Amino acid sequence: MFTTRQFMFGIATFIGGSSLFTVFVTQITHQDSYIAALLAILFSLLVISVYILLLRRFPGFGLLEIHKLVYGKTAGRLLNALYTLFCIGFSAVSLRNIGDFFTGFIMPETPMLVTLILVAATCSLFAKKGIVIILRNAFLFFVFMASALLLNSLLLLPNMELKNFLPVFTLGYDAYVQGAFVLTAAPLCEVIVFLILLPYAERDADVKKGLLWGLLLGGAYLLCTFLRDIATLGIALSYLTEPTYEAIRLINLMNVFSRLEIVFAFTLIIMRVFKLSVLFCAAIRAAEDTVGRTFRRRGLFLLFLSVAVILAAMYLFRSGLTLPDWFRNTGAYVFSVFEIVFPLLTLFLSLLRRIKKEKV
Amino acid sequence: MKKLADILNALSRRKDAPGIDNTPWESMEIGKNLSVNVKLMEEMFGKSGDVIFRHFTFGQKRTRAVMVFIDGLVRADRIAPEIVKPLMYDGFIGDEPKVMPRTIAEVQSLYMTAGESRTADRFGMLLEGVLIGDAAVLIDGIKGAMIINAKGFPQRNIEDPQTESVLRGPREGFVENMRTNTALLRRRIKSPFLTLEMMTIGEKTNTPVTIVYLRNVADKTLVEDVKKRLSSIKTDAILDSGYVEQYISDTGSPFFSTMASSEKPDAVAGKLLEGRVAIVVDGSPYVLTAPSFFAESFQTSEDYYIAPLFASALRIVRFSAFMISILALPLYVALTTYHQELIPTELLLSMAAAEGNTPFPAVIEALIMIIVFEILKEAGIRLPRPAGQAVSMVGAIIIGETAVSAGIIGAPMVIAVAITAVSAFAAPAQANASMILRLLFLLLAGIFGGLGLTLGLLLLLLHLGTLTSFGVPYLSPVVPFHPADNKDALFRLPLKWLLTRPTSLAARNPRRSRMKP
């Protein structure tokens, strides 16, 4: 069973694990991306309040159980099957993203498939141990992630300039809204997968508090990432495919501490493994709920899951360069259905039909 | 006589029976007939030359008695004045007592002067006593036997511990004698709550084992768990605490031991005061403690005797040394094979000049060097000290000089291996783990570069995160995170601030100091 604190750090690290997704936004809102990030945090707080209302109505229940209560067993299971696909889809996007990054910048001679297999295998081993073990390590991951951000921000201080934030508010409001929406869809409201895993929370864990503070911590981490990148790169970040990587590349301390971007890359791998492991765990739970039985041979299911995610990551996206574009125009909308529309609908229906845990 | 013949037949039949637990005499009562008893004992001990049967008579009725002991396990100077003389002479000076003793208890209270004696009504108890160095007295016409503590066998003096040398702090080390070891602990914790529970393990070796804990501090469930695990050991031999450790540790790790061992009484006393349980095994100078955490591997008892700043710095040095010992060589291989761009240009040029002419890829070079180093280390440890030094010297010259000048190994590789080797010795508690992990990480780095190394580290973290020591997470207090317990984990705050015991160990009695920080 996991505690409130582990839950909170788990959510924060999960969000931090998507810091490569900043490129989805920087190409829209350029040097004003931090404004989009602030707006996204506000949007996410609204969405999170829907989650919290749901959890208040059904204390001790996870998202999958709530679906079955509100929609009935069959429709609920159908919806849970869709959430299984959602987890697989998000895992595929995350895996492809890291695969592209590694093949493009770190190990260009190594085929992407090797990277994907290695990362997916590691995540499977994590997921096999279960969400409780993963979240137990969440604090350590968070400290690692925050220390890396602090360290490279400090080392980048000589390269930062305040004028890089100028000009401000030159874009139309629709750009900010779109940027905020994309960031809300991924990574901020991706935390809905944690609602699937709530049955593993300790009985006295305050999951609502954990959810809220985890989102704020993760949001703050993303905001700091944006601020560091903008202060370092200015308007140039909107033309780069990996702004964070390019920013860290500028670190040069006495000609000894240079090329630290590779350290960032490995930090990113660690955070991404954490994120994918959580997604794998959620996928297992959702699949188990869909078929109505617990998988005794979890390793075998994880093998199938990994293969499915790797195949999806390899063949659903034509090229890494098109991924940000696809996510901005399609992915964010598809994922927001699972993150915003379904939870809102579930809350609305439960209010309408006056379904509460006590009544159940 | 028929009865004796029956018993002897039964004994000889049982002796041939398969299995290690066919000890028929264990539950057999010690009868009144001395001749039968002696015959049985002779049968039990076989023809062992060191088992002495000292026959004597006492009183005016010339009552027959026999004293049994093992030569070499008892103190000869205690046998005559404390056992034989009181029976043969002191109790019978002057008139014969009007009431002759009829039970062993009466003999004990009327005649014996020995400090510690007890009665045995079965042969099992008698044998157990004699085999651990007590003397047994059997009297004709009286049921049972008297077991008198007369232990006195040669033992090593208390010396500096061989593996835990300190610059400051006590220099006493445990020895092979269990009683001396428990006395060393008692000398440090003069509390009536210090509890020592004895048991015997090993059906052939009958090794005495003592469980030590502080009754008012240690968690009851932990103590019960330790006892249960010890009782579950069904084997013929326990020759060292290492046996016990392997039998009762939580399973799950081929790399890490989830029980700590120490040669230093002050270190074990410190752990007992934190709520841990110690296991003292007769014949072993290493006392086990449980539960044990990963962070403990980088702590020494000396850390508490010096200023907290230095203690914390030393702990960080030890932890860093462990990390260097498992990562330095794989990192070197990953950098030179896959990520050359990370190396500063001047350094890269000099490394290229040194490594350019070597025939093997970096990973093979590293493997060769590691294997040679491990061989040299093993030879240096096992050989007599002067020969061991010679081997080390020859190895160092061959590897350090000849292999490099012959162009087989690059000089930077030798430096990387040397750093690795020295670092491994700075954290001796994890030296075995670091040897295997280094090899695994080396293969990962050689095949997949930095990516393999990173994923390997993640898997190591996952592995450590799943381990438990007697039900407590092995990575405590970092994973799961207990802020209060981190005052004395990788850092050591001033003693004045260490007001509580680790929460995962002594939740029942957490407060250890009434001082105000």
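Reply: The model is a predicted one, and the description below should be read accordingly. Strand 4 of chain B is mostly covered, with 5 of its 5 residues buried.

The setting of the strand is an open sheet of 5 strands in chain B, which follow the order 1-2-4-5-3 with antiparallel pairing. The edges of the sheet are formed by strand 1 (51-58) and strand 3 (117-120) of chain B, each of which pairs on one side only. On average, neighbouring strands of the sheet are turned by 25° against each other, direction ignored. As a general point, strands of a sheet pair through backbone hydrogen bonds, in either a parallel or an antiparallel manner.

Towards strand 2 (residues 63-70) of chain B, strand 4 pairs in the antiparallel sense over 4 bridges. Here B:Val137 of strand 4 has B:Met67 opposite. Towards strand 5 (residues 145-148) of chain B, strand 4 (residues 135-139) is joined by 3 bridges, and these two strands also run antiparallel. Among the pairs on this side, B:Ala135 stands opposite B:Ile148, while B:Ala136 has B:Ile147 as its bridge partner. Strand 4 and strand 5 of chain B form a hairpin with 5 residues between the strands, in which B:Gly141 takes a positive phi near 90°.

Elsewhere, chain B meets chain A in a contact that takes 21 residues from chain B and 22 residues from chain A. The largest share of the side of chain A that touches chain B comes from helix 6 of chain A, with 6 residues. By class, that side of chain A has 14 nonpolar, 5 polar and 3 charged residues.

One helix pair joins the two chains: helix 6 (residues 112-129) of chain A packs with helix 15 (residues 431-466) of chain B at an angle of about 5°, their axes being 11 Å apart. Helix 6 of chain A and helix 15 of chain B are therefore roughly parallel to each other. Residues making this contact include A:Leu118, A:Leu125 and A:Phe126 from helix 6 of chain A, and B:Phe448, B:Leu455 and B:Leu462 from helix 15 of chain B. By class, the contact of these two helices has 9 nonpolar, 3 polar and 1 charged residues.

Key
Residues are numbered from 1 along each chain as its sequence is written. Chains are lettered from A and ligands numbered from 1 in the order in which they are written. This is a predicted model: local features need pLDDT of at least 70, side-chain atom pairs count only at pLDDT 80 or more; totals for chains, interfaces and linings use all residues. Two strands pair if DSSP finds at least two bridges between them. Axes are lines fitted to C-alpha atoms, for helices over the stretch in contact, and angles run from 0 to 180 degrees between N-to-C directions. Angles under 35 degrees count as roughly parallel, over 145 as roughly antiparallel, 65 to 115 as roughly perpendicular and the rest as oblique. Two residues are in contact if their C-beta atoms, placed from the backbone, lie within 7 Å. Ala, Val, Leu, Ile, Met, Phe, Trp, Tyr, Cys and Pro count as nonpolar, Asp, Glu, Lys and Arg as charged, and the others, Gly among them, as polar. A residue is buried if 20 or more other C-beta atoms lie within 10 Å of its own, exposed if 12 or fewer, and partly exposed in between; C-beta atoms are placed from the backbone.
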